[in-house]
Amino acid sequence: MASDQPVTVYPPDESGGRRVRAGGAILGLAYSVQDIARLMQEAGLHHWDEMDVVRSALIEWRGGGPDVWTR
């Protein structure tokens, strides 16, 4: 995953999961900021942690920021 590729975190679904997409690929379903960090690591950003997820301008949060996990 290129570090300049936008990442979109979609609003929570009925179970509280948020779909995470990078470019045209779905990375997975996250239930916490920690899950997003793990997905980012799996996509090639190996040193990312929860603070990187919260602070990064690379991530577009839809339906609420990193503190929103319910509808």
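## Around Gly 16

Leaving aside neighbours up to four places away in sequence, Gly 16 is in contact with Ala 30, Tyr 31 and Trp 69. In this predicted model, Gly 16 sits in the loop that lies between β1 and β2, and it counts as buried because its relative accessible area is 8%, where buried means under 20%. Gly 16 and Arg 71 are 55 residues apart along the sequence, yet in space their C-alpha atoms are 7.0 Å apart.

## The sheet

Strands of a sheet pair through backbone hydrogen bonds, and this pairing can be either parallel or antiparallel. Here four strands make up an open sheet with mixed pairing, and their order is β3-β2-β1-β4. The edges are taken by β3 (25-30) and β4 (59-61), each of which has a single partner strand, so one side of each is left without a neighbour in the sheet. On average, and with direction ignored, neighbouring strands of this sheet are turned by 20° against each other.

Strands β1 (residues 7-9) and β2 (residues 18-22) run antiparallel and are joined by three bridges; for Val 7, the bridge partner in β2 is Ala 22. Helix α1 (residues 33-42) lies across β1, β2, β3 and β4, and runs at about 150° to β3.

## Thr 8 in strand β1

Thr 8 has its place in strand β1, and because its relative accessibility is 9%, Thr 8 counts as buried. If residues up to four places away in sequence are not counted, Thr 8 touches Arg 19, Val 20, Arg 21, Glu 60 and Arg 62.

Methods
Residues numbered from 1 in each chain as written. Predicted model: local features only at pLDDT ≥ 70, side-chain atom pairs only at ≥ 80, totals over all residues. Heavy atoms only, no water. Pairing = 2+ DSSP bridges. Helix = DSSP H or I, 4+ residues; strand = E, 2+ residues; numbered from the N terminus. Axes fitted to C-alpha atoms, helices over the stretch in contact; angles between N-to-C directions. Contact = heavy atoms within 4.5 Å. Buried < 20%, exposed > 50% of the residue type's maximum accessible area, 1.4 Å probe, protein only.
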